[in-house]
Structures are given as structure tokens and as C-alpha cells.
Amino acid sequence: MRIIETKTYEDMSKQAANIIASVVTLKPDCMLGLATGSSPIGTYEELVKKYEAGELDFSEVTTVNLDEYKGLPKENKQSYYYFMHDNLFDKVNIKPENTHLPDGTNLDSEEEAARYEALVQSLGTVDLQLLGLGRNGHIGFNEPGDSFVEPTHCVDLKESTIEANKRFFESADDVPKQAYSMGIGTIMRAKKILVVVSGEDKAQALKDTICGPISPKVPGTILRLHPDVTIVADEAAMSLMK
Ligand SMILES: N[C@@H]1[C@@H](O)[C@H](O)[C@@H](COP(=O)(O)O)O[C@@H]1O
């Protein structure tokens with residue numbers, strides 16, 4: 001596990017975008033696993049800048065996203081579909097048909113989880129998976145639990161996650177209670193994993209992820225078993241590591 005500490009969120013975003021850009025440059029038809037949340041927004045901004053400067057070409061890139069709220073239509077501004085289009089897909093030359101997310105409008109959980117898992121596997125190996133880290137150490141929407149769930153599945157969101165994510169909604173009642181998420185197995189099959197972590201409210205989760213016992217109680221700890229993980233974290237997120 002490689003840990004890069006940066007001074008600010010902006011520096012974190014630049015470093016992360018450079019790592020992603022090098023993957024795309026070396027392999028123009030790569031498959032990227034993408035994440036949502038506030039942590040990767042700056043990374044996407046930097047990637048858009050590189051695209052606009054003519055430094056990056058997404059025309060052959062395929063993407064698979066980690067997760068999606070169950071029950072939110074694509075045009076809902078809080079859907080991860082909307083987020084990805086707003087922050088990246090509509091701003092670069094990626095082909096819409098090469099971008100994939102779980103379908104939040106499919107209310108048949110088993111069917112959707114199986115469809116998405118099969119789709120991701122059929123597309124090949126994810127060259128780089130981008131991740132954020134939840135305040136409780138979750139990755140994707142793999143919440144703390146008694147065991148690691150391997151494939152894509154439907155998750156009951158924890159109260160603390162609903163609380164953390166309510167800032168994007170009118171109220172906590174509007175936050176969906178369930179989501180589809182790639183499983184730990186789906187995530188761990190990626191060749192490279194890049195985690196962006198920012199802010200003091202992530203410091204404990206980051207410390208537990210790096211130093212705590214490997215356990216499904218802190219899902220991010222599983223990343224220590226992956227051969228190629230880079231964490232880019234700002235000073236505030238690293239504050240408990242001193
Ligand atoms: N499903 C997402 C995760 O993929 C994300 O990593 C996490 C942290 O979000 P943020 O970056 O906004 O703190 O929140 C959500 O629950």
C-alpha cells in the first residue's frame with residue numbers, strides 16, 4: 001500500500017488525476033472503475049482540464065461505477081448516474097455507451113445485482129478502480145458488517161451513511177435507504193486501486209483502514225490485501241497518523 005500525503009484537497013485531486021491520466025495514456029482502451037461522493041469531484045475536474053488541454057483522450061475508455069442508489073431515476077440530481085454525467089461524462093469525449101452504472105430504477109434487487117456483476121465481469125478487468133472512503137470505513141456502499149460480501153449486491157444503508165449523505169438531499173428522509181454496490185470481490189479484482197481521502201471527518205476511518213485489524217467491521221481494511229493500492233490523502237485526513 002502506497003500512501004501519498006498532500007497538503008490540500010486540490011493537491012490530492014491533482015495527484016489522483018495524474019495517476020488516472022497515466023493509466024489512460026498507457027492504455028487508451030482501459031477500463032476505469034469510478035466512484036462518486038465529494039472526494040473524487042476535484043479529481044474529475046482535473047481530468048476534464050487535462051482533456052480540454054488536449055492531454056487526454058477518453059474515446060476508447062470504458063467505465064464501470066461502483067454503486068447507485070436504489071429507486072432513484074437517472075434524472076434525479078442525487079442519482080450517481082446524474083453525478084457522473086454532470087462531473088465527467090458530459091465534459092469529455094467518452095462514448096455514453098461505454099459508461100456503466102448499476103440501474104437504480106430496477107427494483108428487483110437480485111436481478112439487478114446479478115445483471116451488473118455479470119456485466120462488469122464480461123467487460124474484462126478493471127485497470128484502475130477509484131475509491132472514496134466512507135466515514136465508517138465503507139468502500140463503494142460496502143457497509144461495516146460481520147462478513148465481506150463478494151459480488152455486487154443490494155445494501156441496506158447504515159444510519160450513519162444516511163446521515164453523512166443527507167447533505168446532498170433536502171432531508172435525511174429523502175436519502176434512499178438502499179443502494180446497489182459492487183462487492184468487495186468485484187472491487188478487489190481491479191489491477192490497481194486508487195483511494196482519495198480528504199478532511200478531518202475521515203481521519204479515524206483512514207487510520208483504521210491503514211493500521212487497524214483487517215475486518216469487515218471496517219471494509220476499507222481489506223485493501224491491505226491488494227497488491228497495488230495507492231491512497232492519496234490530504235493533511236486533515238492524515239491527522240491521526242502522526
Ligand atoms: N457510496 C459513496 C462512496 O462511494 C463514497 O466513497 C462515500 C464517501 O463520500 P464522500 O466522498 O462524499 O465523503 O460516500 C458514499 O457513500
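Let me begin with a convention: a residue is near a molecule or strand if its C-beta atom, placed from the backbone, lies within 6 Å of it. Of the 14 residues around the ligand, those that come nearest are Gly-37, Ser-38, Ser-39, Gly-132 and Gly-134. The shell around the ligand divides into four nonpolar, nine polar and one charged residue, where Ala, Val, Leu, Ile, Met, Phe, Trp, Tyr, Cys and Pro count as nonpolar, Asp, Glu, Lys and Arg as charged, and the others, Gly among them, as polar.

This is a predicted model, in which local features need pLDDT of at least 70, side-chain atom pairs count only at pLDDT 80 or more, and totals for chains, interfaces and linings use all residues. Numbering runs from 1 along each chain as its sequence is written.

Turning to the helices, which residues of helix 1 meet helix 2? They are Tyr-9, Glu-10, Ser-13, Lys-14, Ala-16, Ala-17, Ile-20 and Ala-21, and on the helix 2 side Gly-42, Thr-43, Glu-45, Glu-46, Leu-47 and Lys-50, contact requiring C-beta atoms, placed from the backbone, within 7 Å, and helices being DSSP runs (H or I, at least four residues), numbered from the N terminus.

Notes
Two residues are in contact if their C-beta atoms, placed from the backbone, lie within 7 Å. Helices (H or I, at least four residues) and strands (E, at least two) are DSSP runs, numbered from the N terminus.
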